Amino acid sequence: MDMQDKQDTQGSDARPVLEGPDIARVLTRIAHEIVERAKGADDVVLLGIPTRGVFLAQRLAAKLEEITDRKIPVGSLDITMYRDDLRMHPPRALARTEIPGDGIDGRLVVLVDDVLFSGRTIRAALDGLNDIGRPRAVQLAVLVDRGHRELPIRADYVGKNLPTSLRETVKVQLAEEDGRDTVLLGAKPAAAGEQQ
């Protein structure tokens, strides 16, 4: 998720656009789409972008295993040091990069994230992948695509297209991190000194 979306949407105007059953349903659909496009998912590796992308990747791996009767390698890819906005935000803790034992060389890597916004997070993830290995192909799965791309990046698998204004924010909550599954859409808090 891009930094701009990290702001809290706990205000009373935040409304759910996806709930737990909806999230489970779209992950099942994405898993089936991956199997269909990958012709069985034999060489698929899922890499989640911390934090919530990792949980989504783990859930997708479980669904792919149900469909294919095969264990799907899943890991995480921390993109913190590859971001182009490091100097514009306060320092943040590094997350973990965990690459499955067989690596990613020659494999179909599916990057998994919660929200696709400007595309800068995914650009950073692609830079990070270059330092790890050389996949056969890279695809992108996101729970929510909210538009407003700044780079020519498009998701291959989208749970929900959610057109938003720049005055809105999208917050994904997952049970593993937040205690519940929901996607909230709300007004972006005004910056200090900004008129509403």
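This is a predicted model: local features need pLDDT of at least 70, side-chain atom pairs count only at pLDDT 80 or more; totals for chains, interfaces and linings use all residues.
Local features rest on residues with pLDDT of at least 70 and side-chain atom pairs on pLDDT 80 or more, while totals for chains, interfaces and linings use all residues. Residues are numbered from 1 along each chain as its sequence is written, and side-chain values use heavy atoms, with hydrogens and water left out.

The protein contains four helices and eight strands, where helices (H or I, at least four residues) and strands (E, at least two) are DSSP runs numbered from the N terminus. From the N terminus on, the order of elements is β-α-β-α-β-β-α-β-β-β-α-β. Of the 196 residues, 49% count as buried; buried means under 20% relative accessible area, exposed over 50%, and partly exposed in between, with a 1.4 Å probe and protein chains only. Among contacts (heavy atoms within 4.5 Å) with a separation of 6 or more, 71% involve residues 24 or more positions apart.

Five strands form an open sheet with parallel pairing, in the order β3-β2-β4-β5-β6; two strands pair if DSSP finds at least two bridges between them. At the edges stand β3 (74-76) and β6 (157-161), each of which pairs on one side only. From one strand to the next, the twist averages 25 degrees. Axes are lines fitted to C-alpha atoms, for helices over the stretch in contact, and angles run from 0 to 180 degrees between N-to-C directions. Within this sheet, β4 (residues 108-116) and β5 (residues 137-145) run parallel and are joined by eight bridges. Valine 109 stands opposite valine 138 in β5.

A second open sheet has three strands in the order β1-β8-β7, and its pairing is antiparallel. The edge strands β1 (15-19) and β7 (168-173) each have a single partner strand, so one side of each is left without a neighbour in the sheet. The twist here averages 20 degrees from one strand to the next. Four bridges link β1 with β8 (residues 182-187) in the antiparallel sense, and proline 16 stands opposite leucine 184 in β8.

Helix α1 (residues 20-37) lies across β1 and β8, running at about 45 degrees to β1. The helix α1 also lies across β2 (44-48), β4, β5 and β6, at about 150 degrees to β6. Helix α2 packs on the sheet as well, touching β2, β3, β4 and β5, and its direction makes about 130 degrees with that of β4.

Helix α2 (residues 52-68) has 17 residues and reaches 24 Å from its first C-alpha to its last, close to the expected 24 Å; the expected span is 1.5 Å times one less than the number of residues. Twelve of the 17 residues are buried, so α2 is largely enclosed by the rest of the structure. The buried residues include Phe55, Leu56, Arg59 and Lys63. Just after α2, aspartate 69 takes a positive phi of about 60 degrees.

A search of the whole structure finds zero aromatic pairs, defined for rings of Phe, Tyr and Trp (its six-membered ring) by centres within 6.5 Å, with planes under 30 degrees apart counted as stacked, over 60 as edge-to-face and the rest as tilted. The charged end of arginine 146 does sit over the ring of phenylalanine 117, 4.1 Å from its centre; this requires NZ of Lys or CZ of Arg within 6 Å of the ring centre and within 35 degrees of the ring normal.

Alanine 190 lies in the segment after β8 and, at 29% relative accessibility, counts as partly exposed. Its C-alpha atom is separated by 8.9 Å from that of arginine 167, 23 residues apart along the chain.
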